[in-house]
Amino acid sequence: MQILFGIKNIRFDELENPVLEKKNIKLQLARLDKIHPVVSGNKLFKLHYFLDEAMQSNHKTMVSFGGAYSNHLVAIAFAGKESGLKSIGIVRGEEPKNLSHTLQQCLQYGMQLQFITRNEYKNTGQPDFINNLKLKYGDFTLVPEGGYHPLGAAGASLIMDLLKDKNATHICTATGTATTLAGLLLKAQHSQQVITVPVIKNMNDIEERLFYLINKKKHNNLQIFDDYHFGGYAKKTEQLINFMNVFYTNYGVPTDFVYTAKMMYAILDKINNNFFPAGSSIVCLHTGGLQGNQSLPPGALLF
Ligand SMILES: *Cc1c(COP(=O)(O)O)cnc(C)c1O
């Protein structure tokens with residue numbers, strides 16, 4: 001059974017501009033966003049081993065958590081539909097009159113939604129909460145929010161298999177839960193720098209997260225660019241939106257404002273500031289999430 005559907009759609013785009021040429025830097029974008037228009041690439045990888053478990057089970061059901069704009073929930077809904085699994089999404093907040101695009105998409109893919117208050121949501125990690133869900137829905141495979149779990153990191157490490165013949169000196173990703181980052185670190189060679197751009201303000205627990213995810217404390221090849229969150233999670237500025245439009249005009253690549261746009265902004269800025277030595281071969285992950293742009297005002301983006 002093919003779980004990582006759509007990976008044949010992934011391609012690598014080389015970005016070219018006079019600065020890169022002058023500095024002798026190769027910059028490639030791994031287009032994980034090409035897997036599917038709605039389901040972002042890194043999410044599908046993080047889900048890999050959870051899907052595997054659910055498919056081998058008798059219950060054939062996945063339960064997970066997220067907010068109204070969760071790329072993670074919609075990925076589970078889609079993956080569930082593709083794999084013949086039932087999916088249930090526990091959504092943070094009261095049921096709104098008008099569902100977000102993301103949640104509408106979840107319903108379209110057959111996900112069952114249950115809304116809980118923000119207060120209840122804080123207890124979703126408690127055994128009692130999970131037991132109540134089991135009384136209601138029967139047995140299931142539980143996928144933590146964002147796939148934040150060692151199994152999610154193991155799934156994300158499969159991304160590195162795609163990069164084997166790329167000879168990357170630097171591999172870059174946007175970071176939310178750090179699960180994708182952990183997967184990259186699992187399989188990166190010592191000579192490869194792994195760069196993370198946190199999209200959350202003051203994210204100072206990355207090392208702790210990595211320890212939980214891959215049980216390793218010290219990472220000599222980890223680099224954190226923590227000054228590019230643009231105000232915090234899902235925050236945006238005019239400068240960021242302008243950057244997305246210019247990036248699209250220059251390279252023909254659409255980005256999402258929550259993750260990939262901030263990461264690319266950071267990498268291009270660091271290239272300009274001579275962080276990367278001549279001869280560097282940088283691979284940035286385009287982790288998708290483009291569906292999230294639908295929450296922007298119409299006309300804000302050129303794509
Ligand atoms: C979830 C997400 C990320 C962050 O991945 P983590 O593994 O949680 O750090 C990056 N990009 C996109 C588009 C995402 O949806």
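In the classification applied here, Ala, Val, Leu, Ile, Met, Phe, Trp, Tyr, Cys and Pro count as nonpolar, Asp, Glu, Lys and Arg as charged, and the others, Gly among them, as polar. By these classes, the shell around the ligand comprises two nonpolar, 11 polar and two charged residues. The structure is a predicted model, in which local features need pLDDT of at least 70 and side-chain atom pairs count only at pLDDT 80 or more, while totals for chains, interfaces and linings use all residues. Residues are numbered from 1 along each chain as its sequence is written, and side-chain values use heavy atoms, with hydrogens and water left out.

The protein contains 12 helices and 10 strands, assigned as DSSP runs (helices, H or I, at least four residues; strands, E, at least two) and numbered from the N terminus. The radius of gyration, 19 Å, is close to the 19 Å that the globule rule gives for 303 residues, so the protein is as compact as a globular protein of that length. This radius is taken over C-alpha atoms, and the rule is 2.2 Å times the number of residues to the power 0.38. Along its principal axes, the C-alpha trace spans about 60 × 45 × 35 Å.

The ligand is surrounded by 15 residues, of which Lys43, Asn71, Thr177, Thr180 and Thr287 are the closest; a residue is counted if one of its heavy atoms lies within 4 Å of the ligand. A polar side-chain atom of Thr180 lies 2.7 Å from a ligand oxygen atom, and a backbone N or O atom of Gly176 is 2.8 Å from an oxygen atom of the ligand. In the side chain of Thr287, an N or O atom lies 2.6 Å from a ligand nitrogen atom. Taken alone, the ligand exposes 380 Å², of which the protein buries 98% (Shrake-Rupley method, 1.4 Å probe). Two elements, α2 (41–56) and α9 (179–187), each give two or more residues to the shell, and α2 gives the most, with three residues.

Backbone geometry was also examined. Most residues other than glycine have a negative phi. Asn24, in the loop between α1 (18–23) and β2 (26–31), has a positive phi near 55°. Lys60, in the loop between α2 and β3 (61–66), likewise has a positive phi, of about 50°.

Conventions. Polar contact = N/O pair within 3.5 Å; in protein donor to acceptor, adjacent residues only side chain to side chain.
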